[in-house]
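Take a moment with the chain displayed here, and turn it slowly before reading on. The paragraphs below are meant to be read with the model beside them.

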Amino acid sequence: MKFEINLTLLLYLMAFTPKKSMMKRICALSLVLMVTSFFANAQFVQDVVNGIRMDSLERKVSELSGEVFSSINGISSRIINREHANNDLALEYIKDHFEALGNITIEDQSFNAGSGIGRNIIATQTGTVNPDNIYLICAHYDSVDDYCADDNATGTSAVLEIARILSQYETQNTIVYALWDQEEIGLRGSNYYAELASDVANGGVNRANIIGVVNMDMMGYQNQVADDNNFDIDLNNAANSEAIRDDLLALRTIYAPILNPIVVQPGTPFSDHKPFWDEGYGAVLVGESWETNDQTPDYHQNTDRLSTLDVPYFYEIAKLVAAYTATKAGIVRLLSTDSFTDNELKIFPNPVKSVLNIETTINTDFNLEFFDVKGKLIKLLKLNSGTRNVDLSSFASGVYFLEITNQEKSRIFKFVKE
Ligand SMILES: [Zn+2]
């Protein structure tokens, strides 16, 4: 579905629009706008799916499962093990990847559910139209042994890869990318999060509006003899779980037609979607097909390695979850498409001591986002068309990036705060 179809449809609708009354014209116009945004979104979803890269997924699995060294906080390191008492390096790897993205805030969420401190990483991409509507995609990053590529470097890598692409877009709804700790010792990280989200402590007064949860756990193995591309969607009847299943089934026909879905209902309770069911949220598990006896024979052993996985199959499931997330989040636009010219926009002085000035020939409001050198959002503000300076005296000394955007364009400036 491309824009050509969209325009043809639009012209068709306009040609047959009754011209009798203003009301009818307005109705027809809003229909055209709905159709237009539907097709625009379909094009964006296709762009997101096209952005997911098989080599990028494979590299992440390889790094997370300790097959190769990776750069973590600038230091070459090898993640030999991700058992819950021993997975801080994997956690730093995950944080490092989120910090490199714009448009995302990161929470390092500590909890103690009786087996020592656990740490979830919660990365949030806030929606600009309905920030309270949340879609959550997740995976556990802890393991039971060395390597454990399938369980669950695959799900973890898929979450990171989808975030890498989707964070380049402005979305209507909020997306939460969550990586759980202590799954292997009783779903502790996800349970902690789900109880907090549903505000169990206060009887649900400030319950978060999580509309859809997709959990990815073990999504890289299939029996090469069968080679049937079976994958499972596990659900029960909690909240809107069945609607999530239906969305995934519909999107599969468009974005991952090679996959063969097996619906398992009631599905397994043995992964991180379960605590969301318990709190009355709609959630599904997506992964390789245990239902058709097509799961890894290396389960929970140090023989669960990248070489045993079917990477092209894993890539298809990751694309499907990317399509689901992009569709439900409702993409508004690609960020940073067109850049302001030197004439249109500049900042001074640089280095800056306290007040940063913005000189521009354009008379619009601007959104300003300040990031530190690691890409972490420090400050976010809107400058209306009268104001053209920002007080940065509270900023620590160092190097920063400032992304300035309006409706049409954007530009990133690097500056030094003295
Ligand atoms: Zn697992």
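What follows goes from the whole chain to its core, then to a helix, a sheet and some loops.

This is a predicted model, in which local features need pLDDT of at least 70 and side-chain atom pairs count only at pLDDT 80 or more, while totals for chains, interfaces and linings use all residues. Residues are numbered from 1 along each chain as its sequence is written.

The chain has 9 helices and 20 strands; helices (H or I, at least four residues) and strands (E, at least two) are DSSP runs, numbered from the N terminus. Of the 418 residues in the chain, 42% are buried, where a residue is called buried if 20 or more other C-beta atoms lie within 10 Å of its own, exposed if 12 or fewer, and partly exposed in between, with C-beta atoms placed from the backbone. Two residues are in contact if their C-beta atoms, placed from the backbone, lie within 7 Å, and among contacts between residues at least 6 apart in sequence, 76% join residues at least 24 apart.

In soluble globular proteins, nonpolar side chains tend to be buried together. A nonpolar core is here a set of buried Ala, Val, Leu, Ile, Met, Phe, Trp, Tyr and Cys residues joined through C-beta atoms within 7 Å. The largest such core has 89 residues, and those that touch the most other members are Val159, Ile162, Ala163, Val286, Ala318, Val321 and Ala322. Helix α9 (residues 311-329) gives the most to this core, with 12 residues. Leaving aside its neighbours within four places in sequence, Val321 is in contact with Ile137, Ala158, Ile162, Val214, Met216 and Val286. Apart from this core lies another, of 6 residues, among them Ile347, Leu356, Phe370 and Phe371.

Helix α3 (residues 54-64) has as its buried residues Leu57, Lys60, Val61, Ser62, Glu63 and Leu64. These are covered by elements including β1 (70-72), α4 (88-99), α5 (149-166) and α9. After α3 comes glycine 66, whose phi is positive, near 75°.

Now find the open sheet of 5 strands, which has the order β13-β20-β19-β16-β17 and mixed pairing; two strands pair if DSSP finds at least two bridges between them. β13 and β17 (377-383) are the edge strands, each pairing on one side only. Strand β13 (residues 338-339) runs parallel to β20 (residues 409-417), joined to it by 2 bridges, and serine 339 stands opposite serine 410. Serine 410 is also the bridge partner of threonine 405, for β19 (residues 398-405) and β20 pair in the antiparallel sense over 8 bridges, and a hairpin joins β19 to β20 through 3 residues.

The loops hold some details of the backbone. Leucine 187, in the loop between β7 (173-180) and α6 (188-197), has a positive phi near 55° although it is not glycine. Is leucine 187 buried or exposed? Leucine 187 is buried, because 22 other C-beta atoms lie within 10 Å.
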